[in-house]
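Hi everyone, thanks for coming. I'd like to walk you through a structure, one piece at a time, so please have it open while I talk.

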Amino acid sequence: MRLREGRIGTQEAVALTAVMLCILGVFALEPGFSYADGNSTFVSVPLSITCSFLFFGFVRTGMVRYASVDLFSYWECSAGKIGASLASCGLLLALFLCAYIPTSRFVTMMNVFVFTDAHYNNIVAYLIPVVGIILFLGGETISRMALFFAPFLVISLVVALVSAIPSYELYRLYPLFGDGVGHIAEVVGSNTTLFLPAMLGLLVLSPAVHGVSRAGRAGLIACGIAVFLCAVTLFVIALVYDYKELTPLQLPLYRINMKVQQEQGLMRLDKLGVFVWMAGSILVSVYAIHISSILYARMFSQEDARPAGAAFAVVLISIIALGQGKAHGIIFESVNFLHRYGYYLFLPLLFLVSAPGVFRKKQEKII
Amino acid sequence: MNFFDAVIKHLNFDKGSAEFELLEQEVGQPPYFSTWQEAEIPDTDPCTKACISPHIEENLSLIRRVFRTDINPDVINRRFLFCGRIPALAVFMNGMSDAKQINDFIIRDGMHAALADGVSDLVRYAMDAVFTMNEIEETSSWMQIKEAILDGRTAVFLTGQTRAVLLDTRGYEKRGVEAAKNEKAVKGPQEGFTESMRTNVTLIRRIVRCEDLVCEFRASGGQNGVKIGILYREGIANASLVAEVKRRLAQIDTKQVMSAGTLQQLTEYHSLSPVPQALSTERPDRTAAFLMQGHVAVLLEGSPLAEIMPVTLFSLMEAPEDSYIRRSAGMLLRFVRYFGVCISVLLPGYFLAMVLHHQGLLSTEILSTVIASRRMVFEPIAVELLLLLLVFQLIREAGMRVPGTIGQAIGIIGGLILGQAAVSANLASSVILIVVALTGLGSFCVPDYSMQLSMAFYRLFLIFAAWMGGLLGITCGVMLLIAHLAWLKSYGVPFLTPYAPRTKRKKPFFLRGKVTPHRRSEDYLNTSEDSLL
């Protein structure tokens, strides 16, 4: 098999998953939906990550029970080839969302705030060699890059949060959990569509991360880091902006910097931070495509994941590029719809495919 | 020849010229769209199949043919009577061998020795009872004899014997041990390698007094036949790493291997990468430190450098004296070095991105200073930056090639006078001059020369990226750069180890750690000691 999975150590696996969860948790929220009636994202996002981890643990239990090498082989054992293929298709779609949302959002931000005179597609063109080359270099490279970039991401987050201290106001939390338990549950559910694929990616790559048990440990640590970072960041955002201000903002953390630092002369680091986060979002996209290509290769018993990876990369870049043209409305609405309501289909499907393996009596297990 | 004859001569295209022309000798036409075809050159060396004759005349004739002694007076064929009665022949290379040793311990001992009765094996007798030399061996291979003579040893043929005696008479002129010129240390040993491999091995052995340190000598694979020495700690160094180094060295089949740098390029996998995949050092103490950790070192005869393999980015950033000074000072130096690298690689591109694409990120004061300094400069700022970087490289290259103090003078002239003159003549702005100077200073912080050059490549790459895409271009460029480093492996070890992938390590890899008693080698080397734990 030339699946280019490589050998990914525990720290790299943690870094990959934590970076993905943090980028998705902080930058991929849909503001119109998440902040509709109040701001409780600092609770709902960590809760969503925790739920994803619980589901991840559930699937992992089944994999350990069946001694499955990877997620697709487990789903095959649990629900047959058709069930596994259906669940894989659902996961591929969710992974596509994970790859598309943060990158497209940053490209839009670049176009609106940094390169105001440039055409949207000119900015997208810069992503092509980066995504293509890193993807071609394989999983080992992606994981090492994640480990390399993780401290910079954390530092840039901390700098952004600390520099916003003068703007902290507790009253902005009002109404505390004003959006109600129902809405919080909806936000938790919708974000699970993004966080669960990030976690399940570890199980897809379990041969590369030295087995299911190590993948589980990496998932636990990454989940802990992501819950803490996302909770702190989103709480600080809630202290700086009230929910009405947040509703139209695509990247509130970027706007915090702009709000706080615009008069500080040399310390105008607002645009620098956005480039570090953009590097993180590109990495997340590449990782999501990598998982997708590995899953696809397993589905169709291909020996090389790179052709599938190249195809997915082309599709992603094309859709990002189309996102600002005539198809903008369709793409924007479709992605928002999938993000917001996808979990109604996605979670039950994955549960139905994964559960038989966990609950079936031991003597019936097929190894 | 009058004028018309000269004109007619030049117009006569069909007539051959009397001028010498070097013509192709291969059969057929070269392919149109192709490079040099690697053809199998037939082995015409008579030594490969020949056997040693019991008649020394036949052996002498072969030696004359192999070494072209009719036109090559360097090879000396000295006939003498072994034990006063058996015709013998000593063959050695003039200048490569020690004449005194040959006179005293081969010719004199060979002539004056008494032949005991009942000696059945004359070669064995000569080795045991006649030639009083410490390194002596017998051989029946002409290839071995040829290599020995070229190496400075003496071959002795005895009538009636189908074997020859090889005696170590090597003694040629060589440079003495001097201070390392390119890797100076304020504190610590000053010795550097010389061009003599034997001396270099001795310098290392003097520091590494371990019984497990082995030095395997073998041919380099070049037709010039220089020898290489592979040093490692048997039982400590990873066996598969040693095997891989030997395998790559054994694959070399080329015209010439002249220096350790050539050897490095012939053995590394990613030859297009700007980053070196082995560390070149001229310091025995540094080589010894790496050998103690479990690395493999390769020495080349005629080259004052040792190639250490495998290597990581962080070991390339270590200076020889880092561990000789106090921890706090070492940490500071290491931090300054990494800061210098960041400045050297990122500053020109970052500055260009700011000035060209993100003026809003600069304060009004800085922006107005840049504008004021560039008011009369005619070329675009990116071109100006590239030109000044080119000039900087020119000064650096000229300073290195020109010997002695003149080289330093060129640096001063180039740096001060030329820079000042360029600013006065409005050919360059003072701000860009400062950026280029800082870049140059940053690059000099890097201890490894190959790494300095690879940083220059990355700097150029990021300048072009910044020119095209501002900070977005730099972001993409840095991502590709990191991806390349994360992907790269040096003899099977990831280049960003021990950071990514992370390995077990007590000491920090970025700053200098505390000097503590420890017996473990670097984890990424997977030494044989690790299997015992």
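**A short tour of chains A and B**

Let's begin with S143(A), which sits in helix 6 of chain A, the helix covering residues 139-163. Before we go on, please keep in mind that this is a predicted model. Is S143(A) buried or exposed? Its relative accessible area is 0%, so S143(A) is buried. And what does S143(A) touch, once we leave aside its neighbours within four places in sequence? The contacts are I8(A), E12(A) and L16(A).

Now, staying in chain A, a pair of helices. As background, two packed helices are described by the angle between their axes and the distance between the axes. Our pair is helix 7, residues 180-204, and helix 13, residues 328-359, both of chain A. Their axes lie 8 Å apart, and the packing angle is about 60°. The two helices are therefore oblique to each other. As for handedness, helix 7 of chain A makes a left-handed crossing with helix 13 of chain A. If you'd like to find the contact on your screen, look on helix 7 of chain A for residues including E186(A), T193(A) and L200(A), and on helix 13 of chain A for residues including R340(A), F346(A) and L350(A). Sorted by class, this contact between helix 7 and helix 13 of chain A has 9 nonpolar, 7 polar and 2 charged residues.

Let's move over to chain B for another pair: helix 11, residues 327-356, and helix 16, residues 449-487. Here the axes cross at roughly 35° and come within 9 Å. What is the handedness of the crossing of helix 11 and helix 16 of chain B? That one is right-handed. Helix 11 of chain B brings residues including V341(B), P348(B) and Y350(B) to the contact, and among the residues they meet on helix 16 of chain B are R459(B), W467(B) and L481(B). The class count for helix 11 with helix 16 of chain B is 19 nonpolar, 3 polar and 1 charged residues.

Next, a helix to look at by itself: helix 7 of chain B, residues 239-250. This helix has 12 residues and spans 16 Å from its first C-alpha to its last, close to the 16 Å expected at 1.5 Å a residue. Which residues of helix 7 of chain B are buried? They are L241(B), V242(B), E244(B), V245(B), K246(B), R248(B) and L249(B). These buried residues pack against several elements of chain B, including strand 6 (213-219), helix 8 (260-267) and strand 9 (296-300).

Finally, some backbone details. In general, most residues other than glycine have a negative phi, and most peptide bonds are trans. N426(B) is not a glycine, yet its phi is positive, at about 60°. You'll find N426(B) in the loop between helix 14 (404-424) and helix 15 (430-444) of chain B. With 27% relative accessibility, N426(B) counts as partly exposed. Y491(B), also not a glycine, has a positive phi near 50°, and its place is the loop between strand 11 (489-490) and strand 12 of chain B. Y491(B) counts as buried, because its relative accessibility is 7% and the cut-off for buried is under 20%.

Then come two cis peptide bonds. One joins T497(B) and P498(B), with omega about 5°. The other runs from A500(B) to P501(B), with omega near 5°.

Notes:
Residues are numbered from 1 along each chain as its sequence is written. Chains are lettered from A and ligands numbered from 1 in the order in which they are written. This is a predicted model: local features need pLDDT of at least 70, side-chain atom pairs count only at pLDDT 80 or more; totals for chains, interfaces and linings use all residues. Side-chain values use heavy atoms; hydrogens and water are left out. Axes are lines fitted to C-alpha atoms, for helices over the stretch in contact, and angles run from 0 to 180 degrees between N-to-C directions. Helices (H or I, at least four residues) and strands (E, at least two) are DSSP runs, numbered from the N terminus. Angles under 35 degrees count as roughly parallel, over 145 as roughly antiparallel, 65 to 115 as roughly perpendicular and the rest as oblique. A crossing is left-handed if the near helix is turned anticlockwise from the far one by less than a right angle, and right-handed if clockwise. Contact means heavy atoms within 4.5 Å. Ala, Val, Leu, Ile, Met, Phe, Trp, Tyr, Cys and Pro count as nonpolar, Asp, Glu, Lys and Arg as charged, and the others, Gly among them, as polar. Buried means under 20% relative accessible area, exposed over 50%, partly exposed in between (1.4 Å probe, protein chains only). The expected span of a helix is 1.5 Å times one less than its number of residues.
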